[in-house]
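Here's a quick tour of a protein model, written for someone new to reading structures. Have a look at the picture first, then work through the notes below.

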Amino acid sequence: MNQKSRPENQINKNNKTDQIKILAINGSPLRKNTYSALRKIEDNFPDIDFEIIGLNEINLKQCRGCYQCIRLGHQHCPNIDDRDILIEKMNIADGIIFSSPVYVNFISSLMKGFMERLAFYSHRPHFFDKYAMVLSTCGMFGADKANKYMEGIFTTFGCNVVSSAELTFSTESKEEKEKNWKNTKNAVSVLLSRIGSGKKNKPSTRQLINFHIFKEVSTIYPDQFTADYNFHKDLSDFYYDAEINPIKKILIQRSVKSMINKIR
Ligand SMILES: Cc1cc2nc3c(=O)[nH]c(=O)nc-3n(C[C@H](O)[C@H](O)[C@H](O)COP(=O)(O)O)c2cc1C
């Protein structure tokens, strides 16, 4: 499942513990533009323990929409495939680069399918200690939108998304290549420095509302959202709420209440 066809293509066991470990997830079906941008990072940052996973090169089935992962827990997913190997790789990485080409003005279907398989993490966010970067490649436009979308989704999964790179592959000119590399290098440098500092993002209002809606809904309907209920029942306000100013807290509570009232 490793795009670099390392001999051992599962969990990389022989990484040095002092090396920063970056997992790059490629949402392109090709080893072309997006892949080449990722390889360039690997080649130019030789001290990083870097791994590229191509979503089309692993066995990742399509979400069946059965809600088992959301309602009961992700171990109940009927798809038997490489999803949990990929999650384990994300769990042991210091940083994750989520990358996608722009296809018809959006992220690729491969990247979207990957998000759908991990959608339970927006109910039960998990990757709080992960730093992430988003990278999109386009022919001309759409990379900013694709990155914004990935940033929003992976933030609700708990990731600290700290940088982004929007790359254009249209002319193959020297200028284009230089600009792409400058953007990439800057974004990777931010990612590495944030990993080094250990400083987490402050949770966004959207993140907090999302979190508290699922918490509230699972408290009201524990039988329908058992996994969410179990996730939330032993957590009081979580560290998500630490350092949130009291006025913002009240606004979030109001917003959650009004949304809950709509579904009751
Ligand atoms: C099906 C398809 C749709 C595309 N749609 C867009 C688009 O909406 N906007 C754009 O700027 N480029 C578009 N492109 C160009 C790709 O975004 C660009 O070539 C990208 O770098 C491809 O990355 P890849 O080689 O890693 O797959 C499209 C390419 C394909 C194959």
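Let's start with a pair of helices: helix 8 passes helix 10 in a right-handed crossing. Keep in mind as you read that this is a predicted model.

**Helix 8 with helix 10**

- Helix 8 covers residues 205-220 and helix 10 covers residues 246-263, and the two pack at an angle of about 50° with their axes 9 Å apart.
- Because of that angle, helix 8 and helix 10 count as oblique to each other.
- On the helix 8 side, the residues that meet helix 10 are T205, L208, I209, H212, I213, E216 and V217.
- Their partners in helix 10 are K248, I252, S255, V256, M259 and I260.
- Sort the residues of this contact by class and you get eight nonpolar, three polar and two charged.

**Helix 8 with helix 9**

- Helix 8 also packs with helix 9 (residues 226-233), at an angle of about 110° and with the axes 8 Å apart.
- So helix 8 is roughly perpendicular to helix 9.
- Here F214, K215, S218 and T219 in helix 8 meet D228, Y229 and H232 in helix 9.
- This contact has two nonpolar, three polar and two charged residues.

**How the chain is divided**

- The protein chain splits into domain 1 (21-197) and domain 2 (205-263).
- How far apart are the centres of domain 1 and domain 2, taken over C-alpha atoms? They are separated by 27 Å.
- Where the domains touch, domain 1 gives nine residues and domain 2 gives 10 residues.
- On the domain 1 side, helix 5 (120-123) and helix 6 (143-156) are the elements that give two or more residues.
- That side of domain 1 has two nonpolar, five polar and two charged residues.

**The sheet**

- As a bit of background, strands of a sheet pair through backbone hydrogen bonds, either parallel or antiparallel.
- Which kind of pairing does the open sheet of five strands have? The pairing is parallel, and the strands come in the order 2-1-3-4-5.
- Strand 2 (49-54) and strand 5 (160-168) are the edge strands, each pairing on one side only.
- From one strand to the next, the twist averages 15°.
- Zoom in on strand 1 (residues 21-26) and strand 3 (residues 95-101): they run parallel and are joined by five bridges.

- Helix 1 (residues 33-44) lies across strand 1, strand 2, strand 3, strand 4 (131-138) and strand 5.
- Compared with the direction of strand 3, helix 1 runs at about 150°.
- Helix 1 also has helix 7 (residues 174-197) as a partner: their axes come within 11 Å and cross at roughly 60°.
- Helix 1 and helix 7 are therefore oblique to each other, and their crossing is right-handed.
- Which residues of helix 1 meet helix 7? They are A37, K40 and I41, and they meet N180, W181, T184 and V188 in helix 7.
- By class, the contact of helix 1 with helix 7 has four nonpolar residues, two polar and one charged.

Methods. Residues are numbered from 1 along each chain as its sequence is written. This is a predicted model: local features need pLDDT of at least 70, side-chain atom pairs count only at pLDDT 80 or more; totals for chains, interfaces and linings use all residues. Axes are lines fitted to C-alpha atoms, for helices over the stretch in contact, and angles run from 0 to 180 degrees between N-to-C directions. Helices (H or I, at least four residues) and strands (E, at least two) are DSSP runs, numbered from the N terminus. Angles under 35 degrees count as roughly parallel, over 145 as roughly antiparallel, 65 to 115 as roughly perpendicular and the rest as oblique. A crossing is left-handed if the near helix is turned anticlockwise from the far one by less than a right angle, and right-handed if clockwise. Two residues are in contact if their C-beta atoms, placed from the backbone, lie within 7 Å. Ala, Val, Leu, Ile, Met, Phe, Trp, Tyr, Cys and Pro count as nonpolar, Asp, Glu, Lys and Arg as charged, and the others, Gly among them, as polar. Domain bounds come from an automatic or database domain assignment. Two strands pair if DSSP finds at least two bridges between them.
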